Amino acid sequence: MAGLKFGILVLILIVTSKIGYLKSETYKIRVDNLRKINEALLFLKTKIEFTYEPITSIFEEISNVVFDGKDNIFKMSLVNKNSNDSINESWINAVDTLKNSFEKEDIDIIKSFGKLLGKTDKKGQISEIEITRILIEKNINIAEREKDKNGKLYKTLGVVSGLATCIILI
């Protein structure tokens, strides 16, 4: 009987610690996703600036190079694109489909970038990418601070709540 009780207490400690760890990982994932978007926008800016490739082929290349072919906004905007849709409509649909671990302000920035996608000249596109990159950089800094603060908090909270539960049940 004592062995069963000990096993349950250890299981409680492991589960609560794992929950705290998983919650802290969401902050890390947000930072990583924002960095990937920022890197992809830099890639897009460079391609628009120095090549005459269409946006769809640039999106395909970004999806393969930056995101290693995994699901991402650039890939989804190509998959969701109907013959009647413009690239900016399919971009907004892709953002709605793949919200990932983004906060509302991240989604708003990414969507606002898509509203002018393919509607302005080369110079306008480059300046829109730069503005979006600046806003995303700001959100990356905020997300890193949250990750540092809240990541440790949730990890510690998971372990402490598990220990408190175990002490109460003893």
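The chat below goes through the nonpolar core and the salt bridges of a predicted model.

User: What kind of model is this, and how are residues numbered?
Analyst: This is a predicted model, where local features need pLDDT of at least 70, side-chain atom pairs count only at pLDDT 80 or more, and totals for chains, interfaces and linings use all residues. Residues are numbered from 1 along each chain as its sequence is written, and side-chain values use heavy atoms, with hydrogens and water left out.

User: How many residues are in the largest nonpolar core?
Analyst: That core has 32 residues. A nonpolar core here is a set of buried Ala, Val, Leu, Ile, Met, Phe, Trp, Tyr and Cys residues joined through side-chain atoms within 4.5 Å. Buried means under 20% relative accessible area, exposed means over 50%, and partly exposed lies in between (1.4 Å probe, protein chains only).

User: Which residues have the most contacts inside it?
Analyst: Ile37, Leu44 and Trp91.

User: Which elements give two or more residues to this core?
Analyst: Helix 1 (2-50), helix 2 (55-65), helix 3 (73-79), helix 4 (87-97), helix 5 (104-115) and helix 6 (122-169). Helix 1 gives the most, with seven residues. Helices (H or I, at least four residues) are DSSP runs, numbered from the N terminus.

User: Back to Leu44. What is it in contact with?
Analyst: Leaving aside neighbours within four places in sequence, Leu44 is in contact with Ile58, Phe59, Ile62, Phe113 and Ile129. Contact means heavy atoms within 4.5 Å.

User: New topic. How many salt bridges are there?
Analyst: The count is eleven. A salt bridge is a side-chain nitrogen of Lys or Arg within 4 Å of a carboxyl oxygen of Asp or Glu.

User: Which parts of the chain does the pair Glu146 and Arg30 link?
Analyst: Their side chains meet in a salt bridge at 3.1 Å, N to O. Glu146 is in helix 6 and Arg30 in helix 1, 116 residues apart, so the pair links distant parts of the chain.

User: Is Arg30 buried or exposed?
Analyst: Arg30 is buried, at 3% relative accessibility. Glu146 is partly exposed, at 25%.

User: And what does Lys47 pair with?
Analyst: Lys47 forms a salt bridge with Glu53, with the closest N and O atoms 3.1 Å apart. Lys47 is buried at 16%, while Glu53 is partly exposed at 30%.

User: Where do Arg133 and Glu130 sit?
Analyst: Both are in helix 6, three residues apart, which means about one helical turn separates them. Arg133 counts as buried at 18%, and Glu130 as partly exposed at 25%.
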